[in-house]
Amino acid sequence: MYLRIYEVDVPIHETDHPDRRGVHVFTGVANSPAAALRRAHEVYAAALAAHTAGLEIPGKQPDSWGARGLRPGWQMEWPAAKAALWHNPVSWTSRSDFAL
């Protein structure tokens with residue numbers, strides 16, 4: 001099984017002002033986009049459960065997935081979530097302005 005780093009982008013909107021929109025981003029190791037979506041949803045659910053119970057939000061898990069924070073008053077739009085391989089924006093292989 002080949003594991004790679006994935007990014008999961010979940011659209012969000014503020015419940016009191018639906019015109020205010022954003023994206024909640026999760027990253028972690030998975031073997032497929034479907035597995036990445038599942039793990040992102042799981043770590044978000046764990047963070048929400050901890051927050052609701054008045055507990056500290058769990059940190060990064062051994063498989064590198066985690067939720068560092070929640071946005072109270074914002075609704076996650078899980079059906080519209082997208083997962084893809086993560087591309088490091090500061091990697092020299094992704095830069096177009098380097099010379100050989």
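This is a predicted model: local features need pLDDT of at least 70, side-chain atom pairs count only at pLDDT 80 or more; totals for chains, interfaces and linings use all residues.
Me: What makes β1 and β2 a pair of strands?
Reply: Strands are DSSP runs of E with at least two residues, helices are runs of H or I with at least four, and both are numbered from the N terminus. Two strands pair if DSSP finds at least two bridges between them. Glu-7 stands opposite Thr-27 in β2, and the two strands form a hairpin with six residues between them.

Me: Why is the contact between Glu-14 and Arg-20 called a salt bridge?
Reply: The term requires a side-chain nitrogen of Lys or Arg within 4 Å of a carboxyl oxygen of Asp or Glu. For Glu-14 and Arg-20 the N to O distance is 2.8 Å, so the pair qualifies. The whole structure holds five salt bridges.

Me: What makes Arg-38, Arg-39, Glu-42 and Asp-63 one network?
Reply: Arg-38 forms a salt bridge with Glu-42, with the closest N and O atoms 3.1 Å apart. These two residues are four apart in helix α1, which means that about one helical turn separates them. Arg-38 has a relative accessible area of 46% and Glu-42 has 35%, so each is partly exposed. Arg-39 forms a salt bridge with Asp-63, the closest N and O atoms being 2.7 Å apart. That pair links distant parts of the chain, since Arg-39 lies in helix α1 and Asp-63 in the loop between α1 and β3, 24 residues apart. Arg-39 is buried at 16%, whereas Asp-63 is partly exposed at 29%. Salt bridges that share partners join the four residues into one network.

Me: Why is the pair of Tyr-44 and Trp-78 called tilted?
Reply: Rings of Phe, Tyr and Trp (its six-membered ring) pair if their centres lie within 6.5 Å; planes under 30 degrees apart count as stacked, over 60 as edge-to-face and the rest as tilted. Tyr-44 and Trp-78 are 5.9 Å centre to centre with 55° between the planes, so they form a pair and the pair is tilted. Tyr-44 lies in helix α1 and Trp-78 in the loop between β3 and β4, so the pair ties together parts that are 34 residues apart in sequence. Both residues are buried, and ring pairs link Phe-26, Tyr-44 and Trp-78 into a cluster.

Me: How do you know that the charged end of Arg-71 sits over the ring of Trp-74?
Reply: The description requires NZ of Lys or CZ of Arg within 6 Å of the ring centre and within 35 degrees of the ring normal. The charged end of Arg-71 is 5.3 Å from the centre of the Trp-74 ring, and it is reported as sitting over that ring.

Me: What makes a set of residues the nonpolar core here?
Reply: A nonpolar core is a set of buried Ala, Val, Leu, Ile, Met, Phe, Trp, Tyr and Cys residues joined through side-chain atoms within 4.5 Å. The largest such core has 19 residues, and those with the most contacts inside it include Val-10, Phe-26 and Trp-78. The largest share, six residues, comes from α1.

Me: Why is Glu-77 called buried, and which residues does it contact?
Reply: Glu-77 has 16% relative accessibility and therefore counts as buried. Leaving aside neighbours within four places in sequence, Glu-77 is in contact (heavy atoms within 4.5 Å) with Val-10, Pro-11, Ile-12, His-13 and Arg-21. Glu-77 is placed in the loop between β3 and β4 (82-85).

Definitions and conventions. Residues are numbered from 1 along each chain as its sequence is written. Side-chain values use heavy atoms; hydrogens and water are left out. Buried means under 20% relative accessible area, exposed over 50%, partly exposed in between (1.4 Å probe, protein chains only).
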